[in-house]
Number of protein chains: 2
Amino acid sequence: MISIVILGSGNVATHLISAFQKSNEILIKQIFARNPSVSIPDFPQEKIIHTIDQLTDADLYIISVSDTAINEVANQIPFNDKLVVHTSGSMPIDILGNKNRKGVFYPLQTFTKNKEVDFKEIPICLEAENENDSTLLANLASKISNKIYFINSEQRKAMHVAAVFVCNFVNHLYQLGNDICTENNIPFEILHPLIEETANKIKSISPIDAQTGPARRNDTVTINSHLNFLNDNNKKEIYKILTKSIIDNVKKL
Amino acid sequence: MISIVILGSGNVATHLISAFQKSNEILIKQIFARNPSVSIPDFPQEKIIHTIDQLTDADLYIISVSDTAINEVANQIPFNDKLVVHTSGSMPIDILGNKNRKGVFYPLQTFTKNKEVDFKEIPICLEAENENDSTLLANLASKISNKIYFINSEQRKAMHVAAVFVCNFVNHLYQLGNDICTENNIPFEILHPLIEETANKIKSISPIDAQTGPARRNDTVTINSHLNFLNDNNKKEIYKILTKSIIDNVKKL
């Protein structure tokens, strides 16, 4: 049994808590939430604490708060030499300060409120300062996921940038596609199978080999006809820069 | 039984042929391929013709060649008043000229050589000039797919632009993410579950509600740290323009 305390009650914290609760080898001893009105499904209200000095003893303290609050929360933990980890993709391990042993427990996924995800498929990216702590984190991660990676702070930063490209930016392109459909009375669902296949394809073919479309073919007639069609400057600029990037890339092949 | 002739042997033609072959209510009478060395799996070589004047009688002629060749092939068909369709997302119906009855049979998907796709889930976008032809095309489409849409030429053009955003551009962002991973010794597969969830999410939540990440939060600290991290000008510019587009969009909410 691994005993843990979660500090935070936001989006990532809530999804982690729900995943931990499904394992009978993990005991969530407390949840620390600043907001006194927080309640967590299937978690006893009396174990949700609102002042940090009520913190109890545990094998591991998981700080899952906004990036800018991690350091402050870490400094307020009223213990020394405990294992304290954060769950952020963009913050280095050192943001946790030196009062306690440090680590990172970063689930690489896009979490949306009220949308459950299958944690078994979520890569958990771990970092720790010594072998014992690494073992404990890997042990904990293995209770909720099949995909465990040790990733140092520098790599995690790169990975987070890559994640912004393949998730946040990709989703924004979905939105621009959605806008174009709406403006032309086309149901956006017509694009769903294409979106799905595009995402599936790169599991078996590298993205560079999977590239299709007018830019890939350097088909300037279609490219210009699309640019003429787009009357919104923002979409036009995005179309231009991504088309140029694909064409430049093909040239390198 | 619907009898058809396919004119073309490229990527889209090959995938269509393979889908039609699976139905015993469709008879492919001939395939016209300019290249004399073309062979099609499970299709009799003697029915592959290389000069267009050998064309036989059929219910429907499907021209599946590159956009710039459609008009030329349509003009060379040695018949009048037959139903002739093309399979292009970006070309209007009128490109087919006036010798024959016109139509469009556009499967909206990204086709990659040697990667089979489940046609049942592929939206087939149809256009025709009269009700009889519409019925024939819908009938044919229903033999290979569950998703049939009637889309006029103007809408199809809009849809094709939207498809470039959600497929071609998205795939390029996958590639940029892949590049960042490779440069930092991170296995790209670590991003696969994130890519999959991002694509799945928009089936149940609109893209604007699914948006996450530093730009969505207007988190300038993380945005600047990512821009400092990116040493490649092209990636930096793409990061900037998409971040700005997300931020501007959030402001409109």
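Is B:Glu196 buried, partly exposed or exposed? I looked it up: B:Glu196 is partly exposed, at a relative accessible area of 34%. My cut-offs are under 20% relative accessible area for buried, over 50% for exposed and in between for partly exposed (1.4 Å probe, protein chains only).

**Ground rules**

I am working on a predicted model, where local features need pLDDT of at least 70, side-chain atom pairs count only at pLDDT 80 or more, and totals for chains, interfaces and linings use all residues. Residues are numbered from 1 along each chain as its sequence is written, chains are lettered from A and ligands numbered from 1 in the order in which they are written, and side-chain values use heavy atoms, with hydrogens and water left out.

**Entry: the pair across the chains**

I followed the side chain of B:Glu196 to A:Lys203. The two meet in a salt bridge, 2.7 Å from N to O. I count a salt bridge when a side-chain nitrogen of Lys or Arg is within 4 Å of a carboxyl oxygen of Asp or Glu. B:Glu196 sits in helix H5 (residues 192-201) of chain B and A:Lys203 in the loop between H5 and H6 of chain A, so the pair joins two chains. Helices (H or I, at least four residues) and strands (E, at least two) are DSSP runs, numbered from the N terminus. A:Lys203 is partly exposed, at 38% relative accessibility.

I then checked B:His192, also placed in helix H5 of chain B. B:His192 counts as buried, at 15% relative accessibility. Setting aside neighbours within four places in sequence, I find B:His192 in contact with A:Ile202 and A:Lys203. Contact here means heavy atoms within 4.5 Å.

**Entry: the interface**

I looked up the totals for chains A and B. In chain A, 86 residues are in contact with 85 residues of chain B. The area buried between the two chains is about 8,200 Å², and carbon and sulfur atoms give 70% of that. Buried area is the accessible area (1.4 Å probe) that two parts lose on being put together, summed over both.

Between chain A and chain B I count two salt bridges. The rule also finds 34 residue pairs in polar contact across this interface, both residues at pLDDT 80 or more. A polar contact is a pair of N or O atoms within 3.5 Å; within protein, one must be able to donate a hydrogen and the other to accept it, and residues adjacent in sequence count only if both atoms are side-chain atoms. On the side of chain A that touches chain B, the elements giving two or more residues are H4 (153-183), H5 (192-201), H6 (207-210), H7 (220-229) and H8 (233-252). H4(A) gives the largest share, 25 residues.

**Entry: other salt bridges**

I searched the whole structure and got 28 salt bridges over all chains. One is B:Asp57 with B:Lys82, the closest N and O atoms being 2.3 Å apart. B:Asp57 lies in the loop between strand S3 (48-49) and strand S4 (60-63) of chain B, and B:Lys82 in the loop between helix H2 (70-76) and strand S5 (83-86), so the pair ties together parts 25 residues apart in sequence. B:Asp57 is partly exposed, at 43% relative accessibility.

In chain A, A:Arg217 forms a salt bridge with A:Asp219, at 3.2 Å between the closest N and O atoms. A:Asp219 counts as buried, at 16% relative accessibility. I also noted a network of salt bridges linking A:Glu183, A:Asp232 and A:Lys235.
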